[in-house]
Structure formats: C-alpha cells, structure tokens
Amino acid sequence: MYIEQVGDRTLADCKVLIVDDQASSRLVLETLLEDTVACASVGSGKEAIEYCKYHTPDLILMDVSMPELDGHQTTALLRKKPLCAHIPIIFVTSSSSDEEESRCWESGCVDFVVKPVNACTLRNRVKSHINHKLRNDLLEKLIYVDKLTGAYNRHYLDDYLPRLVRDGLRNVTPLSLVIFDVDHFKLFNDMYGHIDGDSCLWKVSKTINDALLRPMDKLVRIGGEEFLVILPNTDVDGAKAVTERLLRTVHDLNIPHAASEYERVTLSAGLAVKHADDNKTIDYVMLEADKNLYVAKTSGRNQLVAPTAVSAGKINAPSHPTKLKA
C-alpha cells in the first residue's frame with residue numbers, strides 16, 4: 001500500500017528525471033509514469049549533471065549503457081555533489097547477470113529494473129522509493145527547518161556548512177556567506193506587536209528564499225531577526241550581486257515601518273568569502289561577515305558591506321557600503 005501524500009507534498013508533486021540516450025526509451029518511461037509523477041528527461045549523463053545544477057529531482061531513472069558517461073560514471077559524479085548525494089537512483093539495465101547486478105549496487109543505486117521494462121514493476125518501484133524519500137524529507141523538515149519562518153535552522157547549518165567547506169576545498173571554489181539583519185526590528189515589535197513581528201519575519205524569509213535562484217543556495221535563520229544566506233561556488237562580485245538583489249526585493253515589499261527612517265522594513269547585510277587557498281576557518285569567515293554587518297548597521301542601515309576583491313582572489317578591507325536608494 002502506498003501513501004499518496006506525506007506532509008504537504010503528494011506523489012503528483014514529485015519529479016522523476018529520466019536519463020537515457022535513446023529517445024524512444026525516454027518516451028516509453030515517461031508514458032508509463034505520467035499518471036503518477038511529473039517527469040523530465042535528458043539524453044546523456046552530462047545533461048543529467050547539468051540539469052541537477054538547477055533542479056533537484058525526487059528520483060532519477062538512469063540508463064546504464066550510454067556513450068561518453070555511462071550510468072555508473074554519471075552516478076559517481078552526482079554522488080560527489082552535496083545536493084545530489086541523497087537523490088535515489090534506479091538503474092535501467094538490459095543485463096540481469098549477477099556481475100551487472102553487483103556493479104549496480106556498488107555504484108550507489110537504490111534499485112534497478114531490467115529491460116524490457118515491466119510497467120507494473122516500474123510504477124510500483126518508483127512509488128515505493130519516492131514514498132520513502134518523502135518520509136525522509138518530512139523528517140528532515142522537522143529537524144532542520146525553523147517553524148516560524150520556514151528557513152533552515154542552526155542544526156542544518158552545523159551539518160550542511162562543513163560539507164560545503166570540504167566541497168569548496170576539493171573543487172577549488174569560493175564559498176560566500178551573507179548575514180542579514182532586519183533593521184530596527186525591536187522597534188517594529190514594540191510598535192506593531194509580536195504577531196505582526198512574526199508575520200514580518202515570515203514574509204522576509206519567504207521573499208529571500210523565493211529570490212534565491214539556485215538549489216544550492218540556502219537561507220538559514222541564525223537568530224531572532226538574523227538570517228544567513230549560503231552561496232557555494234560564488235565569488236565576491238557574484239555574492240554582492242545576489243545580496244543587492246535580495247535587499248532590493250525586501251525593500252520593494254514595502255512593509256510599513258513607521259519607526260524606521262525609510263518608513264518600511266529594510267535589511268542590512270555583511271558579506272565574507274572563504275577561498276580554497278586561504279587558511280581561514282569557516283568560523284572566522286562567519287565572524288568577518290558579522291563584523292561587516294555591524295558596519296552596515298552603524299553606518300546607516302539598508303545596505304551591504306562587503307570585502308573588496310584584489311589580485312589572486314584574496315580579500316582585503318571592507319568596501320564602502322552599497323546603499324539602496326529609496
């Protein structure tokens with residue numbers, strides 16, 4: 001028996017990525033699953049990796065025999081990416097030999113089906129694995145998500161951030177951290193009350209989260225009105241562009257705040273970057289971001305303070321604040 005809904009998600013909300021170099025095979029699999037889940041399909045392992053940069057499917061149906069990158073190689077590359085490591089993968093193989101079966105399990109699949117695919121077997125196995133993932137997602141939500149704002153919490157930060165640091169070191173990519181603070185939030189609570197204060201935090205959190213364009217970018221609530229945005233594989237210039245867009249988006253919500261000099265809810269932000277070739281700990285980078293936030297708040301609010309990039313990817317003193325215009 002399968003549960004059609006777990007938490008606030010149903011099977012129909014889930015997406016399966018079909019990876020097969022044969023268009024006819026992709027069409028068959030999509031047709032068999034279209035009344036159960038949403039499907040997307042790509043024709044190669046490289047396309048699958050590119051797809052997963054911007055989307056996170058709930059399950060992947062992976063053909064084993066493909067040119068360039070076969071199913072095993074593609075799975076190995078996906079497993080190295082933090083956001084893809086736990087996506088269940090079902091191999092679709094034309095061989096039922098013991099050797100091929102063992103290789104499928106060793107590659108990290110959760111199951112496999114043999115061609116020609118049996119429709120009933122495929123649908124039920126897909127349902128089973130997606131149900132299991134939905135339950136795990138719900139458990140993760142209960143553990144890692146802040147109930148008021150819907151942002152991730154510090155438990156998530158403690159588990160997720162060290163993995164991203166290791167990933168950045170391995171791939172020699174920068175990791176940007178941005179700490180946001182809702183300006184004059186105590187005055188907002190005093191003037192409008194805690195119910196409106198909670199509503200304000202929820203609106204700000206949802207707006208920031210919706211404005212983050214990549215699945216790898218995460219929003220974490222780290223204090224009462226303080227939030228952290230984690231931007232993997234993002235340098236100073238990229239992080240500044242993202243942060244300025246987020247500040248503008250919240251500014252344009254136009255949430256009334258009579259006690260603010262801007263007469264609306266605004267954010268201040270401090271940015272810091274960890275490069276793969278520096279010796280900074282991630283705690284030190286967090287402290288740098290927090291210091292830059294302090295500068296933003298004490299020099300007028302409603303602005304970003306970021307480090308200035310110089311040669312060889314190194315960072316020196318904070319730049320002048322990037323202030324929003326009303």
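Colleague: Let me start with a helix. Which exposed residues does the face of helix 7 turned away from its buried side carry?

Modeller: Lys186 and Asp190 are the exposed residues on that face. Keep in mind as we go that this is a predicted model.

Colleague: And which residues of helix 7 are buried?

Modeller: Within helix 7, which spans residues 185-192, the buried ones are Phe185, Phe188 and Asn189. Looking down the helix axis, these buried residues fall within an arc of 95°, so they line one face of helix 7.

Colleague: What covers the buried residues of helix 7?

Modeller: The cover includes strand 8 (175-182) and helix 8 (194-211).

Colleague: Now the overall picture. How many helices and strands does the protein have?

Modeller: There are 10 helices and 15 strands. The C-alpha atoms fill a box of roughly 70 × 45 × 30 Å along the principal axes. Of the 326 residues, 47% count as buried. Contacts tell you about the fold too: among those between residues at least 6 apart in sequence, 63% join residues at least 24 apart.

Colleague: How do I read a sheet?

Modeller: The general idea is that strands of a sheet pair through backbone hydrogen bonds, either parallel or antiparallel. Here, 5 strands make an open sheet with parallel pairing, in the order 4-3-5-6-7. At the edges are strand 4 (38-42) and strand 7 (111-114), each pairing on one side only. From one strand to the next, the twist averages 20°.

Colleague: How many bridges join strand 3 to strand 5?

Modeller: Strand 3 (residues 15-19) and strand 5 (residues 59-63) run parallel and are joined by 4 bridges.

Colleague: What about a lysine? Is Lys274 buried or exposed?

Modeller: Lys274 is in strand 11 (residues 267-274), and at 8% relative accessibility Lys274 counts as buried. The side chain of Lys274 makes a polar contact with the side chain of Asp278, at 2.9 Å. Beyond residues up to four places away in sequence, Lys274 touches others including Val165, Thr173, Leu175 and Ile282.

Colleague: And how do I read aromatic pairs?

Modeller: A pair of aromatic rings is described by the distance of the centres and the angle of the planes. This model has a count of 6 aromatic pairs. In one of them, the ring centres of Trp105 and Phe112 are 5.6 Å apart and the planes stand at 70°, so the pair is edge-to-face. Trp105 counts as partly exposed at 40% relative accessibility, while Phe112 counts as buried at 12%.

Colleague: What kind of aromatic pair do Tyr144 and Tyr156 form?

Modeller: That pair is edge-to-face, with 5.5 Å centre to centre and 75° between the planes. The pair links Tyr144 in helix 5 (residues 119-144) to Tyr156 in helix 6 (residues 154-171), 12 residues apart. Both Tyr144 and Tyr156 are buried.

Colleague: Which residues do ring pairs link into a cluster?

Modeller: The cluster is made of Tyr144, Tyr152, Tyr156 and Tyr160.

Technical notes
Residues numbered from 1 in each chain as written. Predicted model: local features only at pLDDT ≥ 70, side-chain atom pairs only at ≥ 80, totals over all residues. Heavy atoms only, no water. Pairing = 2+ DSSP bridges. Helix = DSSP H or I, 4+ residues; strand = E, 2+ residues; numbered from the N terminus. Axes fitted to C-alpha atoms, helices over the stretch in contact; angles between N-to-C directions. Buried < 20%, exposed > 50% of the residue type's maximum accessible area, 1.4 Å probe, protein only. Polar contact = N/O pair within 3.5 Å; in protein donor to acceptor, adjacent residues only side chain to side chain. Contact = heavy atoms within 4.5 Å. Arc of directions from axis to C-beta. Phe/Tyr/Trp six-rings, centres within 6.5 Å; stacked < 30°, edge-to-face > 60°.
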